[in-house]
Structure formats: C-alpha cells, structure tokens
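Colleague: I am new to reading protein models. Could you walk me through this one, feature by feature?

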Amino acid sequence: MTQEEFKSLFGSIGEIESCKLVRDKITGQSLGYGFVNYVDPNDADKAINTLNGLKLQTKTIKVSYARPSSASIRDANLYVSGLPKTMSQKDMEQLFSQYGRIITSRILVDQVTGISRGVGFIRFDKRNEAEEAIKGLNGQKPLGAAEPITVKFANNPSQKTGQALLTQLYQTAARRFTGPLHHQTQQARCAELQNDTHGSSPSFLPRFSPITIDSMTSLAGVNLTGPTGAGWCIFVYNLSPEADESVLWQLFGPFGAVTNVKVIRDFTTNKCKGFGFVTMTNYDEAAMAIASLNGYRLGDRVLQVSFKTSKQHKA
C-alpha cells in the first residue's frame, strides 16, 4: 500500500489533518502500519467503526486509537507456533489473556481451505506482559494439544528473517486472480465476511460467473470513463436505503485495493438512494469484483454491479 492509497482509504471517512504510513528507514518498505489524525474527533470514531476488521487482499486491518509511545509498549508482539488446528482465535486469546491485556491477536489460516496453520500472533499492551506469557506458556501443552507450543517474540518486520516470513505468508497477494474457481472462493469469502460482520446469515444467491478477465475487457470497452487518477470506478445499484459506506468496503475489500467508496444519499432523508460507487486501483481486481458481485444477493436485494459509464452520475 502506498502513502496515497493509505490517505485515500482513511480520507473517505472525513477530513484528515495529517497521516503517515510508516516505512523501514533503510529499505523504504512499508512496515504495515501507520497513523491518521482527523480534524474532527467524531471521524476518528467513525473510521474505527467502519474500517476496523476490514479485509484487504490477504490482510485484515486493525484500526484503533494510537497510544503514546513509550519503551514499555515496544516489542510486545509474540509469535506462537504448534497450536492445535482446532483452536480458534478466541480460544488463543483466552489462553494468553491471563498474562495481560491483549491488543490484537490473529491465527493464520490457509487462504484456500480456511483451515488453521497452527501459527498465530499475540500483541500485548506491555512488553513485560509478553515476557510473562513466554515464561508461562512456551513449551507447554494447551488443553487439547498433542504437542507443546512454541511462544517467542515475533521478529521485527525490518529484519531479514521477518521479511522472509512476510514474503512466505503473503505471497498470494501478488498472484493474479483467474478462473471460475477463484470466483467461487471469493464469493464464499464475501459470504463469510458478511456473516462475521452482521452476526447473521443473510440469503446469498449462488451466482459464480464464468466471465474471464479477457471477456470482461471486451465488455468494459463500451462507454467507459476509463481509469481516473485514483483508479477504476465501479457502479453498484439496488442497495437498500439503510446501506452505508461500510457495506461497500466489506463487499469489495476482499478482491483488492479499494481507494474510495461513496453511497449516494437523499438530501432530505439522508438515506441511500439505492446506488453507490467504488474505486479500485487495479483493473483485473476491479473486473473480478464485478464478475463475482454482479447478481450477488445482499439481504433481500440482488445487486447490479458494473464499471461506471458516462451516463451514470454521482448526484
């Protein structure tokens, strides 16, 4: 993610006073986190409520209020391996919570099967809490485990070992999406994401489009406004009156980099007028999102999704 994409993502929520994507001082590579200062404090709350937990390609982002920097909170991230494949993120948090306040936790899963890889990360509030967790759990067998687990400090992403680990874990992000099978996988991920977000199982229409990227290219050539400075604009129609920006982030986020979303509202009622727009930076990812989400059932509505044409207006 670039600084511009980072700013655009959070700028869609409200006016930004300043923002910074943190990079390695030597390599210039993003370290995967950043800071945003909003002009209006209410927009900070809205950003947390809207974007926390958003899936972007292979990542699920964490958005929370920043804490004042101090030596006591640095290097409090643990790497855990040898976990039972049946252990959930909640189970792992319960195991580690006895040692202190947990800021974030994550269990890595296979991107295709969704099955746990037996590896996870736990970030504590304080460094000394992480140290106590290592003393208490490293080499121990949790309930239901056949083998002892390994608990140690996670490598700094700027170190070579950390870079190798990140490359191995997230190499799928660079792959191009092709074939109907991927459509099904992405559709399932969207369904899973919606279930997780809303706490219920909406009715989904099993529509797995066999449209390929090549045929999408020929279809998209009619009346297209073309890529804007920010990317490719997608028109989403038949949204419910209650729909907001978070719905669009959650629908399109799994397919690739989304830089902006906009729900068109009625000036009088402030409710959605039934349509909105999504901007994605990569054409292939935008085409895949359209092929997978056009005809997608969201609640009691079937969405119509296409590239924005010159006849579709934002007002």
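This is a predicted model: local features need pLDDT of at least 70, side-chain atom pairs count only at pLDDT 80 or more; totals for chains, interfaces and linings use all residues.

Colleague: Let's start simply. How many helices and strands are there in the chain?

Modeller: The chain has nine helices along with 14 strands.

Colleague: And how much of the chain is buried?

Modeller: A residue is called buried when its relative accessible area is under 20%. Here, 40% of the 315 residues are buried.

Colleague: What share of the contacts with a separation of 6 or more joins residues 24 or more positions apart?

Modeller: Such pairs account for 61% of those contacts.

Colleague: Now the strands. How do β1 and β2 run?

Modeller: Strand β1, residues 16-23, and strand β2, residues 30-38, run antiparallel and are joined by six bridges.

Colleague: Which way do side chains point in a strand?

Modeller: In a regular strand they alternate between the two faces of the sheet.

Colleague: Last topic: which residues have the most contacts inside the largest nonpolar core?

Modeller: That core has 45 residues, and those with the most contacts inside it are F10, L51, I234, V236, F252, V278 and M280. Helix α9, residues 283-293, gives the most to this core, with seven residues. There is also a second, separate core of 18 residues, including A76, L78, A130 and V151.

Note on methods
Residues are numbered from 1 along each chain as its sequence is written. Side-chain values use heavy atoms; hydrogens and water are left out. Helices (H or I, at least four residues) and strands (E, at least two) are DSSP runs, numbered from the N terminus. Buried means under 20% relative accessible area, exposed over 50%, partly exposed in between (1.4 Å probe, protein chains only). Contact means heavy atoms within 4.5 Å. Two strands pair if DSSP finds at least two bridges between them. A nonpolar core is a set of buried Ala, Val, Leu, Ile, Met, Phe, Trp, Tyr and Cys residues joined through side-chain atoms within 4.5 Å.
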